[in-house]
Amino acid sequence: MDPIHGFMGTTNISHNTNLMIAAATTTTTSSSSSSSSGGSATNQLSRYENQKRRDWNTFGQYLRNHRPPLSLSRCSGAHVLEFLRYLDQFGKTKVHTQLCPFFGHPNPPAPCACPLRQAWGSLDALIGRLRAAFEENGGSPETNPFGARAVRLYLREVRDSQAKARGISYEKKKRKRPPPPLPPHQPVISSSPH
């Protein structure tokens, strides 16, 4: 049995997912209510910080539900990849297969049976938040599984495959520099005699 199915089981996928989300939400809610009870507006976390905390709690739940359960110190880039592949089942981005007649079309004219996946941008942002949370929770940058080479390569592969499937180029765009200011207008003095 592969680790992802061992983690989720074959019949309780949505139930276990709801438990993970509920655990993350409960933790976040109790933290938020305790910080708001202080009455200080400076204790309120930003949207990014709240999302980072939820992501960190969800990943922690994933490690606890892993078979066998994993400690954070034993987590590797391979476990992060398992987590990202597991999240694909909750994706909302249509990724056309090469056999699909709409492969390479950014706006297909009709529905198809191609799978839904997590969008590359969502995964990239998630990894960024988890990478920061790992270091904020005592992990060293050298052992950060979210910064592993395998994870970076996987994200690049997802980006490229989704770009081809949807016919969108993800080439890095050069920032346009504003044109230099024009010199102030000076009156033209004619040198011809009258």
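## Contacts and overall layout

Among contacts in the chain with a separation of 6 or more, 64% are between residues 24 or more positions apart. The model is predicted. The chain has six helices and two strands, and along the sequence these follow the pattern α-α-α-α-β-β-α-α.

Of the 194 residues, 31% count as buried. The chain exposes about 13,400 Å², and carbon and sulfur atoms supply 55% of that area.

## The largest nonpolar core

The largest nonpolar core holds 24 residues. Those that touch the most other members are F59, V80, F83, L84, I127, L130 and F146. Helices α3 (47-65), α4 (77-87), α5 (120-136) and α6 each supply at least two residues of this core. The largest share, seven residues, comes from α5.

L84 is one of the core residues named above. Leaving aside neighbours within four places in sequence, L84 is in contact with L123, L126, I127 and Y154. I127 is also among the core members that touch the most others.

Most peptide bonds are trans. The bond from R67 to P68 is cis, with omega near -5 degrees. P68 lies in the loop between α3 and α4.

## The second largest pocket

The second largest pocket contains about 220 Å³ of space. The residues that line this pocket are R85, D88, V95, P115, R117, Q118, L123, Y154, E157, V158, S161 and Q162. By type, the lining divides into five nonpolar, three polar and four charged residues. Helix α6 (residues 149-166) gives the largest share of the lining, five residues.

Two of the lining residues, L123 and Y154, are also contacts of L84.

## Q118 in the pocket lining

Q118 is another of the residues that line the second largest pocket. Its place in the chain is the loop between β2 (116-117) and α5. Q118 counts as buried because its relative accessibility is 17%, and buried means under 20%.

Not counting residues up to four places away in sequence, Q118 touches L87, D88, F90, G91, T93, L123 and Q162. Among these, D88, L123 and Q162 also line the second largest pocket.

Conventions: Residues numbered from 1 in each chain as written. Predicted model: local features only at pLDDT ≥ 70, side-chain atom pairs only at ≥ 80, totals over all residues. Heavy atoms only, no water. 1 Å grid on protein atoms, 1.4 Å probe; cavity = no way out; pocket = protein on both sides within 12 Å on 5 of 7 lines; lining within 4 Å. Points joined across faces, edges and corners; volume = space filled by probe spheres on them. Helix = DSSP H or I, 4+ residues; strand = E, 2+ residues; numbered from the N terminus. Nonpolar A, V, L, I, M, F, W, Y, C, P; charged D, E, K, R; others polar. Core = buried A, V, L, I, M, F, W, Y, C linked by side-chain atoms within 4.5 Å. Buried < 20%, exposed > 50% of the residue type's maximum accessible area, 1.4 Å probe, protein only. Contact = heavy atoms within 4.5 Å. Areas by Shrake-Rupley, 256 points an atom, 1.4 Å probe, with all protein chains shown as cover.
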